[in-house]
Amino acid sequence: MSNMEWDSKTVIGFKAKAPKVTRNASDLNGKTGAVVATDKKVTAGGNKARPGPDHQRIAKLDRENEVAPPPKVNASVGKAIQTARMDKQLTQKDLAQKTNEKPSVIQDYESGKAIPNPAVLGKFERILGVKLRGADIGKKLEGPKKS
């Protein structure tokens, strides 16, 4: 026990500080000690390592291959839905409940903003009794054909 010094300390779990990289002169102002190098990275912040016209060619290809947005419902379909709904004295909310759709779907179809879905149009045709697909849109549907 006589080897032990009373003045020395042993610190457990102490991490040595990693040297800090200074990026500008203001970081160096308050420091004393060894000289620290401040080098800029050559290719920092982008694709500057590969200059060339490749990006222009790729952008041109992207513009050529753009997909056209799907067609919206024709305005005559929206008008036919609206007039048939008014004839049956239904609100948009009532029609939405009967067809198990959201009222916003009815609103989109009537305003011509919706993308046509045959299943939804079929529901509207059944409830309203008006043809909404194909030729002669807005014509009253007849009952089932008897053979």
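Helices here are DSSP runs of H or I, at least four residues long, numbered from the N terminus.

This is a predicted model, in which local features need pLDDT of at least 70, side-chain atom pairs count only at pLDDT 80 or more, and totals for chains, interfaces and linings use all residues. Residues are numbered from 1 along each chain as its sequence is written, and side-chain values use heavy atoms, leaving out hydrogens and water.

| State in H3 | Residues |
|---|---|
| Buried | Val77, Gly78, Ala80, Ile81, Ala84, Arg85 |
| Exposed | Ala75, Lys79, Asp87 |

Seen down the axis of H3, the buried residues fall within an arc of 160°, so they line one face of the helix; the arc is taken from the directions from the helix axis to the C-beta atoms. Just after H3, Gln89 has a positive phi of about 55°.

Now to the core. The largest nonpolar core has 17 residues, and Ile81, Tyr109, Phe124, Leu128 and Leu132 touch the most other members. Such a core is a set of buried Ala, Val, Leu, Ile, Met, Phe, Trp, Tyr and Cys residues joined through side-chain atoms within 4.5 Å. Beyond its neighbours within four places in sequence, Tyr109 is in contact (heavy atoms within 4.5 Å) with residues including Ile81, Val120, Leu121 and Phe124.

Technical notes: Buried < 20%, exposed > 50% of the residue type's maximum accessible area, 1.4 Å probe, protein only. Helix = DSSP H or I, 4+ residues; strand = E, 2+ residues; numbered from the N terminus.
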